[in-house]
Amino acid sequence: MVYIHQLINYIHGCYVLERIHFSIIRETERLGTLTAAAQSLCLTQSALSHTMRKLEQKLGTAIWLREGRTLQLTQSGHYLLNVANRILPQLEHAEVQLKQFAQGHRGELRIGMECHPCYQWLLKVVSPFLEQWPNVDIDVKQKFQFGGMGALYGHEIDLLVTPDPIIKPGSSFEPVFEYEQVLVVHNAHKLAKQASAVPSDLMEEVLITYPVARDRLDIFTHFLSPAGITPKQHKTIETTDIMLQMVASKRGVAALPKWLAQEYQSKLPIKTVRLGKKGVPKKIYLGVRDADKDTDYLKALMQIARNTQHP
(Lines give C-alpha, C1' and ligand atoms only; values in the text may rest on other atoms or scores of the structure.)
Protein backbone atom coordinates (compact mmCIF):
# COMPACT_ATOMS: atom_id res chain seq x y z
CA MET A 1 0.00 0.00 0.00
CA VAL A 2 2.85 2.37 0.83
CA TYR A 3 4.38 1.65 -2.57
CA ILE A 4 1.13 2.58 -4.35
CA HIS A 5 0.94 5.92 -2.53
CA GLN A 6 4.55 6.63 -3.40
CA LEU A 7 3.84 5.86 -7.06
CA ILE A 8 0.80 8.17 -7.10
CA ASN A 9 2.80 10.99 -5.54
CA TYR A 10 5.58 10.43 -8.07
CA ILE A 11 3.16 10.62 -11.00
CA HIS A 12 1.60 13.83 -9.71
CA GLY A 13 5.06 15.27 -9.15
CA CYS A 14 6.08 14.59 -12.74
CA TYR A 15 3.52 16.97 -14.18
CA VAL A 16 4.52 20.43 -13.00
CA LEU A 17 2.90 22.29 -15.90
CA GLU A 18 -0.85 22.01 -16.28
CA ARG A 19 -3.34 23.51 -18.68
CA ILE A 20 -4.47 26.12 -16.14
CA HIS A 21 -0.94 27.52 -16.00
CA PHE A 22 -0.86 28.10 -19.75
CA SER A 23 -4.36 29.59 -19.68
CA ILE A 24 -3.42 32.02 -16.92
CA ILE A 25 -0.29 33.15 -18.76
CA ARG A 26 -2.14 33.64 -22.04
CA GLU A 27 -5.10 35.48 -20.49
CA THR A 28 -2.90 37.72 -18.34
CA GLU A 29 -0.85 38.72 -21.36
CA ARG A 30 -4.01 39.26 -23.44
CA LEU A 31 -5.93 41.26 -20.82
CA GLY A 32 -3.04 42.96 -19.05
CA THR A 33 -3.83 42.22 -15.38
CA LEU A 34 -4.19 39.26 -13.07
CA THR A 35 -7.61 40.54 -12.02
CA ALA A 36 -8.94 40.54 -15.58
CA ALA A 37 -7.38 37.12 -16.26
CA ALA A 38 -8.97 35.70 -13.10
CA GLN A 39 -12.40 36.98 -14.15
CA SER A 40 -11.97 35.54 -17.64
CA LEU A 41 -11.04 32.13 -16.22
CA CYS A 42 -13.74 32.19 -13.50
CA LEU A 43 -11.14 32.17 -10.72
CA THR A 44 -10.56 34.37 -7.71
CA GLN A 45 -7.48 36.54 -7.96
CA SER A 46 -6.06 34.98 -4.83
CA ALA A 47 -6.47 31.46 -6.30
CA LEU A 48 -4.83 32.56 -9.53
CA SER A 49 -1.93 34.21 -7.73
CA HIS A 50 -1.46 31.18 -5.48
CA THR A 51 -1.42 28.85 -8.50
CA MET A 52 1.28 30.85 -10.25
CA ARG A 53 3.42 31.32 -7.11
CA LYS A 54 3.32 27.57 -6.58
CA LEU A 55 4.38 27.01 -10.21
CA GLU A 56 7.27 29.46 -9.88
CA GLN A 57 8.43 27.63 -6.74
CA LYS A 58 8.34 24.27 -8.51
CA LEU A 59 10.12 25.59 -11.60
CA GLY A 60 12.62 27.62 -9.63
CA THR A 61 12.18 30.64 -11.90
CA ALA A 62 9.96 33.72 -12.03
CA ILE A 63 7.23 34.01 -14.66
CA TRP A 64 6.56 37.73 -14.20
CA LEU A 65 8.36 40.74 -12.82
CA ARG A 66 6.32 43.60 -11.36
CA GLU A 67 7.02 47.08 -12.67
CA GLY A 68 4.74 49.36 -10.69
CA ARG A 69 1.21 48.12 -11.35
CA THR A 70 2.13 46.25 -14.50
CA LEU A 71 3.47 42.75 -15.01
CA GLN A 72 6.30 42.03 -17.41
CA LEU A 73 7.01 38.49 -18.56
CA THR A 74 10.47 37.17 -17.84
CA GLN A 75 12.40 35.13 -20.37
CA SER A 76 10.82 32.02 -18.85
CA GLY A 77 7.41 33.66 -19.03
CA HIS A 78 7.80 34.50 -22.71
CA TYR A 79 8.80 30.93 -23.42
CA LEU A 80 5.71 29.59 -21.63
CA LEU A 81 3.52 32.11 -23.47
CA ASN A 82 4.80 30.80 -26.81
CA VAL A 83 4.09 27.25 -25.70
CA ALA A 84 0.61 28.29 -24.54
CA ASN A 85 -0.15 29.86 -27.92
CA ARG A 86 0.74 26.57 -29.60
CA ILE A 87 -0.84 24.11 -27.18
CA LEU A 88 -4.09 25.77 -26.12
CA PRO A 89 -5.59 26.14 -29.64
CA GLN A 90 -4.98 22.41 -30.19
CA LEU A 91 -6.67 21.47 -26.92
CA GLU A 92 -9.60 23.81 -27.60
CA HIS A 93 -10.05 22.41 -31.09
CA ALA A 94 -9.87 18.85 -29.75
CA GLU A 95 -12.65 19.62 -27.28
CA VAL A 96 -14.85 21.10 -29.99
CA GLN A 97 -14.25 18.08 -32.23
CA LEU A 98 -15.03 15.59 -29.45
CA LYS A 99 -18.24 17.44 -28.56
CA GLN A 100 -19.27 17.31 -32.21
CA PHE A 101 -18.51 13.58 -32.35
CA ALA A 102 -20.58 13.06 -29.20
CA GLN A 103 -23.49 14.93 -30.81
CA GLY A 104 -23.29 12.81 -33.95
CA HIS A 105 -21.51 15.39 -36.10
CA ARG A 106 -18.51 14.51 -38.24
CA GLY A 107 -16.40 17.53 -37.34
CA GLU A 108 -15.30 20.96 -38.53
CA LEU A 109 -12.97 21.92 -41.36
CA ARG A 110 -11.23 25.25 -40.78
CA ILE A 111 -9.82 26.83 -43.94
CA GLY A 112 -7.27 29.65 -43.84
CA MET A 113 -6.87 32.03 -46.77
CA GLU A 114 -3.57 33.57 -47.87
CA CYS A 115 -5.06 34.69 -51.16
CA HIS A 116 -7.43 37.65 -51.51
CA PRO A 117 -9.00 36.74 -54.88
CA CYS A 118 -9.23 33.01 -54.09
CA TYR A 119 -12.33 33.45 -51.97
CA GLN A 120 -14.62 33.43 -55.03
CA TRP A 121 -12.94 30.27 -56.29
CA LEU A 122 -13.29 28.65 -52.87
CA LEU A 123 -17.05 29.23 -52.90
CA LYS A 124 -17.25 26.94 -55.93
CA VAL A 125 -15.40 24.25 -53.98
CA VAL A 126 -17.33 24.60 -50.74
CA SER A 127 -20.80 24.33 -52.26
CA PRO A 128 -20.52 20.74 -53.61
CA PHE A 129 -18.46 19.72 -50.57
CA LEU A 130 -21.23 20.70 -48.15
CA GLU A 131 -23.70 18.71 -50.22
CA GLN A 132 -21.50 15.61 -50.08
CA TRP A 133 -20.56 15.99 -46.40
CA PRO A 134 -23.62 17.28 -44.51
CA ASN A 135 -22.11 16.42 -41.11
CA VAL A 136 -18.95 18.48 -41.61
CA ASP A 137 -19.04 22.21 -40.89
CA ILE A 138 -16.75 24.67 -42.66
CA ASP A 139 -15.23 27.84 -41.25
CA VAL A 140 -13.20 30.13 -43.51
CA LYS A 141 -10.67 32.30 -41.70
CA GLN A 142 -9.32 35.18 -43.78
CA LYS A 143 -7.34 36.72 -40.93
CA PHE A 144 -4.49 34.36 -41.86
CA GLN A 145 -3.88 36.09 -45.19
CA PHE A 146 -0.27 36.76 -44.22
CA GLY A 147 0.56 34.09 -41.63
CA GLY A 148 -1.10 30.93 -42.78
CA MET A 149 1.79 28.55 -42.13
CA GLY A 150 1.92 29.48 -38.46
CA ALA A 151 -1.82 28.95 -38.22
CA LEU A 152 -1.57 25.56 -39.92
CA TYR A 153 1.23 24.37 -37.63
CA GLY A 154 -0.54 25.83 -34.60
CA HIS A 155 -3.70 23.84 -35.41
CA GLU A 156 -5.74 27.04 -35.75
CA ILE A 157 -6.69 25.93 -39.28
CA ASP A 158 -6.81 22.54 -41.01
CA LEU A 159 -6.30 23.58 -44.62
CA LEU A 160 -4.37 26.52 -46.11
CA VAL A 161 -5.17 28.13 -49.47
CA THR A 162 -2.09 29.95 -50.77
CA PRO A 163 -0.33 30.89 -54.02
CA ASP A 164 3.04 30.87 -52.25
CA PRO A 165 3.52 27.68 -50.22
CA ILE A 166 6.37 27.36 -47.75
CA ILE A 167 7.39 23.72 -47.74
CA LYS A 168 8.33 22.52 -44.26
CA PRO A 169 8.53 19.10 -42.62
CA GLY A 170 5.14 17.96 -41.40
CA SER A 171 3.08 19.62 -44.14
CA SER A 172 2.06 18.78 -47.70
CA PHE A 173 0.99 21.12 -50.48
CA GLU A 174 -0.75 20.26 -53.71
CA PRO A 175 -1.38 22.60 -56.69
CA VAL A 176 -5.07 22.61 -57.60
CA PHE A 177 -5.26 25.11 -60.44
CA GLU A 178 -3.10 27.35 -62.59
CA TYR A 179 -3.72 30.97 -63.50
CA GLU A 180 -1.89 34.00 -64.88
CA GLN A 181 -1.26 37.25 -63.03
CA VAL A 182 -2.01 40.21 -65.33
CA LEU A 183 -2.20 43.97 -65.42
CA VAL A 184 -5.72 45.42 -65.60
CA VAL A 185 -6.13 48.79 -67.34
CA HIS A 186 -8.94 51.00 -68.63
CA ASN A 187 -10.03 50.30 -72.20
CA ALA A 188 -8.75 53.72 -73.25
CA HIS A 189 -5.39 53.37 -71.51
CA LYS A 190 -2.35 53.45 -73.79
CA LEU A 191 -1.33 49.97 -72.61
CA ALA A 192 -4.70 48.53 -73.66
CA LYS A 193 -3.43 48.43 -77.24
CA GLN A 194 -0.40 46.33 -76.30
CA ALA A 195 -0.34 42.56 -76.02
CA SER A 196 2.07 42.79 -73.10
CA ALA A 197 3.68 45.36 -70.85
CA VAL A 198 7.31 45.84 -69.85
CA PRO A 199 8.32 47.01 -66.35
CA SER A 200 9.21 50.54 -67.49
CA ASP A 201 5.59 51.00 -68.68
CA LEU A 202 4.55 51.29 -65.03
CA MET A 203 7.05 53.98 -64.00
CA GLU A 204 4.43 56.72 -64.37
CA GLU A 205 1.45 54.67 -63.22
CA VAL A 206 -0.58 54.45 -60.02
CA LEU A 207 -0.46 50.72 -59.23
CA ILE A 208 -3.34 49.30 -57.19
CA THR A 209 -2.91 46.00 -55.35
CA TYR A 210 -4.32 44.15 -52.37
CA PRO A 211 -2.82 45.17 -48.99
CA VAL A 212 0.02 42.65 -49.04
CA ALA A 213 3.72 43.23 -48.41
CA ARG A 214 5.64 43.92 -51.62
CA ASP A 215 7.80 40.85 -51.19
CA ARG A 216 4.60 38.80 -51.51
CA LEU A 217 3.11 40.63 -54.48
CA ASP A 218 3.81 38.85 -57.78
CA ILE A 219 3.84 42.03 -59.83
CA PHE A 220 6.79 43.21 -57.76
CA THR A 221 8.65 39.93 -57.17
CA HIS A 222 8.27 38.56 -60.72
CA PHE A 223 8.02 41.71 -62.81
CA LEU A 224 9.00 45.11 -61.38
CA SER A 225 11.66 44.39 -58.76
CA PRO A 226 13.94 42.23 -61.00
CA ALA A 227 14.03 45.18 -63.42
CA GLY A 228 14.68 47.71 -60.65
CA ILE A 229 11.44 49.54 -61.45
CA THR A 230 8.94 51.07 -59.03
CA PRO A 231 5.60 52.64 -60.02
CA LYS A 232 4.96 56.33 -59.51
CA GLN A 233 2.55 55.46 -56.71
CA HIS A 234 1.45 52.24 -55.03
CA LYS A 235 -2.05 52.12 -53.52
CA THR A 236 -3.63 49.22 -51.67
CA ILE A 237 -7.32 48.37 -51.64
CA GLU A 238 -8.94 45.51 -49.74
CA THR A 239 -11.79 44.60 -52.12
CA THR A 240 -11.69 43.56 -55.77
CA ASP A 241 -14.85 45.52 -56.63
CA ILE A 242 -13.44 48.85 -55.45
CA MET A 243 -10.06 48.13 -56.98
CA LEU A 244 -11.57 47.62 -60.43
CA GLN A 245 -13.91 50.59 -60.02
CA MET A 246 -10.77 52.69 -59.55
CA VAL A 247 -9.30 51.26 -62.76
CA ALA A 248 -12.59 51.88 -64.60
CA SER A 249 -12.45 55.49 -63.40
CA LYS A 250 -8.95 55.89 -64.86
CA ARG A 251 -7.40 56.31 -61.42
CA GLY A 252 -4.78 53.61 -61.78
CA VAL A 253 -3.93 50.14 -63.02
CA ALA A 254 -4.28 46.92 -61.03
CA ALA A 255 -2.59 43.53 -60.73
CA LEU A 256 -5.01 40.59 -60.57
CA PRO A 257 -5.46 36.99 -61.67
CA LYS A 258 -6.62 36.97 -65.28
CA TRP A 259 -9.67 34.79 -64.59
CA LEU A 260 -10.89 37.21 -61.92
CA ALA A 261 -10.43 40.31 -64.09
CA GLN A 262 -12.27 38.64 -66.98
CA GLU A 263 -15.34 38.21 -64.78
CA TYR A 264 -15.65 42.01 -64.61
CA GLN A 265 -14.93 42.79 -68.26
CA SER A 266 -18.58 42.55 -69.27
CA LYS A 267 -19.52 45.06 -66.56
CA LEU A 268 -16.62 47.52 -66.62
CA PRO A 269 -14.50 49.21 -69.35
CA ILE A 270 -11.34 47.29 -68.51
CA LYS A 271 -8.83 45.10 -70.32
CA THR A 272 -6.11 42.67 -69.23
CA VAL A 273 -2.51 43.04 -70.38
CA ARG A 274 0.15 40.34 -70.03
CA LEU A 275 3.07 41.11 -67.70
CA GLY A 276 6.02 40.59 -70.04
CA LYS A 277 5.99 38.48 -73.18
CA LYS A 278 5.94 35.22 -71.21
CA GLY A 279 3.50 36.43 -68.59
CA VAL A 280 3.54 35.61 -64.86
CA PRO A 281 2.14 32.10 -64.38
CA LYS A 282 0.93 31.15 -60.89
CA LYS A 283 -0.71 28.23 -59.08
CA ILE A 284 -3.04 27.94 -56.14
CA TYR A 285 -1.99 25.34 -53.57
CA LEU A 286 -3.86 23.62 -50.78
CA GLY A 287 -1.76 22.74 -47.75
CA VAL A 288 -2.50 20.33 -44.90
CA ARG A 289 -0.61 18.81 -42.01
CA ASP A 290 0.83 15.40 -42.90
CA ALA A 291 -0.86 13.89 -39.86
CA ASP A 292 -4.28 14.90 -41.24
CA LYS A 293 -3.90 14.36 -44.97
CA ASP A 294 -5.64 10.96 -44.90
CA THR A 295 -8.75 12.37 -43.20
CA ASP A 296 -11.61 11.32 -45.46
CA TYR A 297 -13.40 14.65 -45.73
CA LEU A 298 -10.12 16.52 -46.28
CA LYS A 299 -9.29 14.17 -49.15
CA ALA A 300 -12.78 14.74 -50.56
CA LEU A 301 -12.37 18.52 -50.52
CA MET A 302 -8.98 18.24 -52.23
CA GLN A 303 -10.55 16.14 -54.98
CA ILE A 304 -13.33 18.68 -55.53
CA ALA A 305 -10.72 21.47 -55.61
CA ARG A 306 -8.76 19.67 -58.35
CA ASN A 307 -11.89 19.65 -60.49
CA THR A 308 -12.80 23.29 -59.81
CA GLN A 309 -10.51 25.47 -61.88
CA HIS A 310 -12.06 28.90 -61.40
CA PRO A 311 -15.50 30.58 -61.26
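The model is predicted: local features need pLDDT of at least 70, side-chain atom pairs count only at pLDDT 80 or more, and totals for chains, interfaces and linings use all residues. Residues are numbered from 1 along each chain as its sequence is written, and side-chain values use heavy atoms, without hydrogens or water.

**Stop 1: H2 and H4**

Select residues 19-31, helix H2, and residues 45-59, helix H4. Helices (H or I, at least four residues) and strands (E, at least two) are DSSP runs, numbered from the N terminus. The two axes come within 11 Å and cross at roughly 115 degrees. Axes are lines fitted to C-alpha atoms, for helices over the stretch in contact, and angles run from 0 to 180 degrees between N-to-C directions. H2 and H4 are therefore roughly perpendicular to each other. Angles under 35 degrees count as roughly parallel, over 145 as roughly antiparallel, 65 to 115 as roughly perpendicular and the rest as oblique.

Now show the side chains. Ile20, His21, Ile24 and Ile25 of H2 meet Leu48, Thr51, Met52 and Leu55 of H4. Contact means heavy atoms within 4.5 Å. By class, this contact of H2 with H4 has six nonpolar, two polar and no charged residues. Ala, Val, Leu, Ile, Met, Phe, Trp, Tyr, Cys and Pro count as nonpolar, Asp, Glu, Lys and Arg as charged, and the others, Gly among them, as polar.

**Stop 2: H6 and H11**

Go to helix H6 (118-132) and helix H11 (296-306). Their axes come within 9 Å and cross at roughly 135 degrees. H6 and H11 are therefore oblique to each other. On H6, pick Trp121, Val125, Pro128, Phe129 and Gln132; on H11, pick Tyr297, Ala300, Leu301, Ile304 and Ala305. These residues make the contact.

**Stop 3: the second largest pocket**

Select His116, Tyr119, Gln142, Glu238 and Thr240. Among the twelve lining residues, these lie nearest the pocket's centre. H6 and helix H9 (240-248) each supply at least two residues of the lining. A pocket is an open set of points on a 1 Å grid over the protein atoms alone, with protein on both sides within 12 Å along at least five of seven lines; a cavity is a set where a 1.4 Å probe fits but cannot get out; lining residues have an atom within 4 Å of a point.

**Stop 4: the largest cavity**

Finish at Pro163, Tyr210, Val212, Arg216 and Leu217, which lie nearest the centre of the largest cavity. Its lining has 20 residues. Strand E10 (253-257) is one of the suppliers, and E10 gives the most, with three residues.
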